[in-house]
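Here's a walk through a two-chain model, taken one piece at a time. Keep the viewer open as you read.

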Amino acid sequence: MDKIKTIILKEWAEVFKNRFVLFTVAFLPLIMTAIPIAILVTLRGEAGLESVSSEMPAQFTAFCPADLSGGECFQVYLVSQFMIMFMIVPLAIPATISSYSIVGEKTTHSLEPLLATPITTAELLVGKSLAAAIPAVLATWLGFAVFAAGAWILIPNKALFAAILDLRWLLAIFLVGPLMAIMAVNLSVMVSSRVNDPRVAEQISMVVILPVLVAFFGQLAGLFLINRQLILATGGVLIVLDMIMVYLAVRLFQRETILTRWK
Amino acid sequence: MIKTEGLTKKFGPITAVEDLTLEIPAGEVFGFLGPNGAGKTTTVRLLTSLIGPTSGTARVNGYAIGTDDTNIRRSVGVLTETPGMYDNLSAERNLQIYASLYEVKDPQGQVEKYLRMLGLWERRSDPAGTFSKGMKQKLAIARALLHEPHTVFLDEPTSALDPESAHLVRDFILEIKKEGRTIFLCTHNLDEADRLCDRIGVFKTHLLVVDTPTRLRAQVFGRKVVFHLQKADEALAAQVRALKYVKEARPIDNKILVTLDDPETHNPEIIRLLVGSGADVQFVGELRHSLEDVYLQLVKNT
């Protein structure tokens, strides 16, 4: 456990000195939190919302609680769209951190001395994965908490507040978010085995945000509705995917493979 | 202590290390010489349990590679060929991290000890990235020794260092030799190997030869003794050549160059013969081939 802690603290001390990583970790949650708050501020007291609420997909209208007006439903709809985008945070941050922490070790030749210590491969992988996943999950939760606090202040109608921050988003943030972070870390580990430039590793790893974009545009186009069942199903799929990816990443992250094939 | 038997490592169709059988007793400085791509780094990685063998066995400090890997890594120190540091972190922080990973009992004490020994204490708070190559190499050596390993693997410890830094590192190797550690030294610097090593192994995928530097010279070139005389000629050389243990004797200017196996035993008799023949012996010395000559000869013959 001490060695895992040492690796985590080492990773943070090293990686957060990189301005680009620091920018991603700080800026992304900030912007993703600011957008839905800005929407709430803009729509507060907006009289014309009733007339545009008919533009919402029919599935969403049916889904909207009965005690909300059409205009309030439209607010829920708009904020929901950007809450999907918020799920980029637990994907992008670990992809950035682990790309720099693993490929960075390769480029600076510090990986071999590290592997020569009595640390086990599992300890090293867990340490590096947690170092990438923890800031992502914390940033996601912190951003969500800031949004929730902002929404509480900005929305006088607590029925609307409850509709905006319903169980769907709590499940997404507290269940799907960490699972997404684990997937992003493991993908980065796998990508890192094939490339020598942290920026290339990061760019390839960023492919994990594609499903979020699909969800964003899919709901926007009315192709499907992100409801509680879909989020739970996504969580279930992610658990299976994570297990497969952890298995593959551990298989790949072996001392001999790293030293002799990670060129 | 290191003992290998038939140690072999193949990467697909390529054999990097073939049938390496070697025994290095505790406290010995063993020089591992070979051209680039000979398999020296692969051997170090095998012996430090970083990679596994294709066949054969090895024990390092009593632990078997493949089964006691963590214990091997705990009991050895490694200076890799390109020893990267965490450039954004201070020298002290770099060593603290490794002290923790090596489970050092008194981490801060050990960090201070080696930073002071290697003259880096005053720069301990500076990021390692600001260090010169020589300072980084010293920091990497400190990292390899923090946990007081029984066996130390040094892969090209003075490569690309300026003469002063290289001298400091060599002196430091001699210091740790005095502490009784086993040192496995991979080097291209043959003068360095000659000065530091008790025995030398010349390696090119497989071990070509292992012996002390002196015996290697004798093995490859024979031992040659130069007798400086007031006046040397063919007649005197012929008398020397007639001795049964002399392999060759020839006059060169005012010297007679004699090839023989055991000069310590036979030189007095040769001197007596020369003096008895009326020659004035001014000086006697052994003609030493450089280790580079020996190495080049060995590698050329493979």
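## How H6 and H8 of chain A cross

In this predicted model, H6(A) and H8(A) make a right-handed crossing. H6(A) covers residues 89-107, and its axis comes within 8 Å of that of H8(A), at an angle of roughly 150°. Because of that angle, H6(A) counts as roughly antiparallel to H8(A); the cut-off is over 145 degrees.

Which residues of H6(A) make the contact? They are A:Val89, A:Pro90, A:Ile93, A:Pro94, A:Ile97, A:Ser98, A:Ser101 and A:Ile102. From H8(A), the residues taking part include A:Lys128, A:Ala131, A:Ala132, A:Pro135, A:Ala136, A:Val137 and A:Gly143. Sorted by class, the contact of H6(A) with H8(A) has 13 nonpolar, four polar and one charged residue.

## H1 against H8

H8(A) runs from residue 121 to 154, and it also packs with H1(A), residues 2-15. Here the axes are 8 Å apart and the angle is about 40°, which means that H1(A) is oblique to H8(A). H1(A) passes H8(A) in a right-handed crossing.

On the H1(A) side, look for A:Lys3, A:Ile4, A:Ile7, A:Ile8, A:Glu11 and A:Trp12. They meet A:Glu123, A:Leu124, A:Val126, A:Gly127, A:Lys128, A:Leu130 and A:Ala131 of H8(A). The classes here come to eight nonpolar, one polar and four charged residues.

## Chain A as a whole

Stepping back, chain A has 14 helices and zero strands. Its C-alpha trace spans about 65 × 30 × 30 Å along the principal axes. Of its 263 residues, 42% are buried. Take the contacts in chain A between residues at least 6 apart in sequence: 85% of them join residues at least 24 apart.

## Chain B as a whole

The C-alpha trace of chain B spans about 75 × 45 × 30 Å along its principal axes, and 42% of its 302 residues count as buried. Among contacts in chain B with a separation of 6 or more, 66% are between residues 24 or more positions apart.

## Where the chains meet

The contact between the chains takes 22 residues from chain A and 27 from chain B. On the chain B side, H2 (69-75) and H3 (91-101) each supply at least two residues. H3(B) gives the most, with five. By class, the chain B side splits into twelve nonpolar, eight polar and seven charged residues.

## A covered helix in chain B

Now find H5(B), residues 133-145. Its 13 residues reach 19 Å from first C-alpha to last, close to the 18 Å expected at 1.5 Å a residue. Is H5(B) mostly covered or mostly uncovered? It's mostly covered, with ten of the 13 residues buried. Among them are B:Lys136, B:Gln137, B:Lys138 and B:Arg143, along with B:Leu139, B:Ile141 and B:Leu145.

What covers the buried residues of H5(B)? The cover includes E6 (76-79), H3, H4 (107-117), E7 (151-155) and H6 (163-178) of chain B, together with H7 (111-115) of chain A.

Technical notes: Residues numbered from 1 in each chain as written. Chains lettered and ligands numbered in written order. Predicted model: local features only at pLDDT ≥ 70, side-chain atom pairs only at ≥ 80, totals over all residues. Axes fitted to C-alpha atoms, helices over the stretch in contact; angles between N-to-C directions. Helix = DSSP H or I, 4+ residues; strand = E, 2+ residues; numbered from the N terminus. Parallel < 35°, antiparallel > 145°, perpendicular 65-115°, else oblique. Left-handed = near helix turned anticlockwise from the far one by under 90°. Contact = placed C-beta atoms within 7 Å. Nonpolar A, V, L, I, M, F, W, Y, C, P; charged D, E, K, R; others polar. Buried ≥ 20, exposed ≤ 12 C-beta atoms within 10 Å, placed from the backbone. Expected span 1.5 Å × (residues − 1).
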